[in-house]
Amino acid sequence: MITTEQREKLRGWFAGRLPDDLFEELVEVTVDREEITVIGRIPEPRLAGDASDAERKAAVQGRSQEFRERTRDARIAVARDAEHRFGRKVSWGVVCGTERTLFTHVAAPVMTRLRQPERQVLDTLVAGGVARSRSDALAWCVRLVQSHTDDWLAELRESLEHVQRVRAQGPDAEPEDTPADET
C-alpha cells in the first residue's frame, strides 16, 4: 500500500518521462506490490456518422492494436527505467473512445487457505460454468466484491494511508532534515 503522495509522485514521474506524443492524456497510473499499470487516452478512429456499432468496435480495436505495435519500443524504454527505479513490472493499456484495453498485465498468484464452506462456493461456481477452475472462481468473487464495494474500499485505503503517516511520525522515524551521516 502506498500513500497518496507516493502515488502522485509516481504519476508525475510517468507524466514527465513519457514521450509527449505517446498519449493524448495520461488517464491513470495504478500500483500494487507487483505492478505499475499505465493507461493513456489515444485518439478515436474517424468514421462516417452512420457507422454501425460493430464497425466502431472493430475500428477501436484496430486503433488500439496499431498503437500497441507502433509504440512498443518507446514503452519498453520507459518500462525499463521504471522497473529499475521502482522495482515493479510495468503494464500498459489505452482508452480509446469508451473502450479500455490492457496490453500486458501481471497475473500474480495468490495463495490462500479456505475451509470447506468457502471451497464449496468456488466449486459451485465451477460446476455452474461461471468459472473454469477454483482459481478463476476466486478471481470472479474478488471482482464481484470489488464492483460492489468501491466506496468502502476507497475509505479503507484512505484509512491505511493515515496509519502509514502516523507510523512515519513515530519515535523510530528518522528526521527528514538531518543528514544521515552526521554524528
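Contact is taken here to mean heavy atoms within 4.5 Å, and all that follows describes a predicted model.

The strands of the model form an open sheet of four, arranged in the order β1-β2-β3-β4, with mixed pairing. Because β1 (25-31) and β4 (99-102) each have a single partner strand, they stand at the edges of the sheet, and one side of each is left without a neighbour there. On average, and with direction ignored, neighbouring strands of this sheet are turned by 20 degrees against each other. Between β2 (residues 35-41) and β3 (residues 89-96) the pairing is parallel and extends over seven bridges; Arg-41 has Val-95 of β3 as its bridge partner.

Two helices are placed against these strands. Helix α2 (residues 53-70) packs on the sheet, where it touches β3 and β4, and its direction makes about 145 degrees with that of β3, whereas helix α3 (residues 72-86) lies across β2 and β3 and runs at about 135 degrees to β3.

The largest nonpolar core comprises 21 residues, and those with the most contacts inside it are Phe-14, Leu-18, Phe-23, Val-38, Val-90 and Trp-92. Two or more residues are given to this core by each of α1 (4-17), β1, β2, α2, α3 and β3, with β3 giving the most, namely four residues. For Phe-23, when neighbours within four places in sequence are left aside, the residues in contact are Leu-18, Val-38, Gly-40, Arg-41, Ile-42, Phe-67, Trp-92, Gly-93 and Val-94.

Note on methods
Residues numbered from 1 in each chain as written. Predicted model: local features only at pLDDT ≥ 70, side-chain atom pairs only at ≥ 80, totals over all residues. Heavy atoms only, no water. Pairing = 2+ DSSP bridges. Axes fitted to C-alpha atoms, helices over the stretch in contact; angles between N-to-C directions. Core = buried A, V, L, I, M, F, W, Y, C linked by side-chain atoms within 4.5 Å. Buried < 20%, exposed > 50% of the residue type's maximum accessible area, 1.4 Å probe, protein only.
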